[in-house]
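Trainee: Could we go through this fold together? I'd like to know what stands behind each label.
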Amino acid sequence: MWHRTFLDTDHAAGAVVVDTSAQDTVVGYLLLALDPLDHVHELKIKYRRELLLEGTRGLLCHPGVGLHFVRTRAVRYAKRLLARRPCRPGSADDGPIPAVIHAVVTDPRYALRGVANRLLHWAQLRTTDAGIDQIALVTDAATTPTGAVLAPDESQGAAAMYDHLGWRRVAQRERDGRTLIEFRKDLTEGDPSCA
């Protein structure tokens, strides 16, 4: 259901890459919120009940996850679900809100064939068409077996791809025992990697 919400709103979009030589097999997809605050606001209006029921059902089926959720996130999620209006940044110093990529997924059998790169390029074009000049995403950091975060030139996986494609690391944080890296990309005309 969550994926569908990106397709039936003015504030988000989705793209799919299909391999036509393999019976139209879906080999990758991307979910993009062009206006993340309005997307969440519209989600709450259209899908509040379904999201609440699906979320509750999932948490009840997995009691350990449910207990962890209640301890760490329930209050924050309840406040967001019950808020009437999206909260905009309070000062001009916060800058414009970037478009946000929520998911980039590639079938592992199609890794290293440019699928994610095509999806990211589409997201950048869609974002600039919407008049937005910055795009953001968050991914897991590559870590050593001891949990140390690898430097950008040593990283593997998605973080290395974003580094290679010219995305800028802007933040790193811990969440649920995972190290996450936030990347951003400026989509101004002066950025040659947007072409």
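Mentor: Strands (E, at least two residues) and helices (H or I, at least four) are DSSP runs, numbered from the N terminus. Mind that this is a predicted model, where local features need pLDDT of at least 70 and side-chain atom pairs count only at pLDDT 80 or more, while totals for chains, interfaces and linings use all residues. Residues are numbered from 1 along each chain as its sequence is written, and side-chain values use heavy atoms, with hydrogens and water left out.

Trainee: Then what is the order of the strands in the open sheet?
Mentor: Six strands run E1-E2-E3-E4-E6-E5, with mixed pairing. Strand E1 (12-19) and strand E5 (168-175) each have a single partner strand, so one side of each lacks a neighbour in the sheet and they stand at the edges. On average, neighbouring strands are turned by 25° against each other, direction ignored.

Trainee: What makes E3 and E4 count as a pair?
Mentor: Two bridges join E3 to strand E4 (residues 134-140), and the rule asks for at least two, so they pair. These two strands run parallel, with Val100 opposite Ala136 in E4. Between them the chain passes through helix H4 (residues 115-129), and this β-α-β crossover is right-handed. That label applies if, with the strands pointing away from the viewer, the path from the first strand over the helix to the second runs clockwise.

Trainee: Which strands pair in the antiparallel sense?
Mentor: Among them are E2 (residues 25-33) and E3 (residues 99-106), over six bridges, with Leu32 opposite Ile101 in E3. E4 and E6 have seven bridges, and Gln134 stands opposite Asp186 in E6. E5 and E6 have seven bridges as well; there, Glu174 has Thr179 as its bridge partner. The hairpin of E5 and E6 has two residues between the strands, and Asp176 takes a positive phi near 55°.

Trainee: Why are H1 and H2 called oblique to each other?
Mentor: The axes of H1 (residues 36-61) and H2 (residues 63-72) come within 5 Å and cross at roughly 120°. Axes are lines fitted to C-alpha atoms, for helices over the stretch in contact, and angles run from 0 to 180 degrees between N-to-C directions. Under 35 degrees counts as roughly parallel, over 145 as roughly antiparallel, 65 to 115 as roughly perpendicular and the rest as oblique. H1 and H2 are therefore oblique.

Trainee: And how do you know that the aromatic pair of Tyr162 and Phe183 is tilted?
Mentor: Rings of Phe, Tyr and Trp (its six-membered ring) pair if their centres lie within 6.5 Å; planes under 30 degrees apart are stacked, over 60 edge-to-face, the rest tilted. Tyr162 and Phe183 are 5.3 Å centre to centre with 55° between the planes, hence a tilted pair. Tyr162 lies in helix H5 (residues 158-164) and Phe183 in strand E6 (residues 178-186), 21 residues apart.
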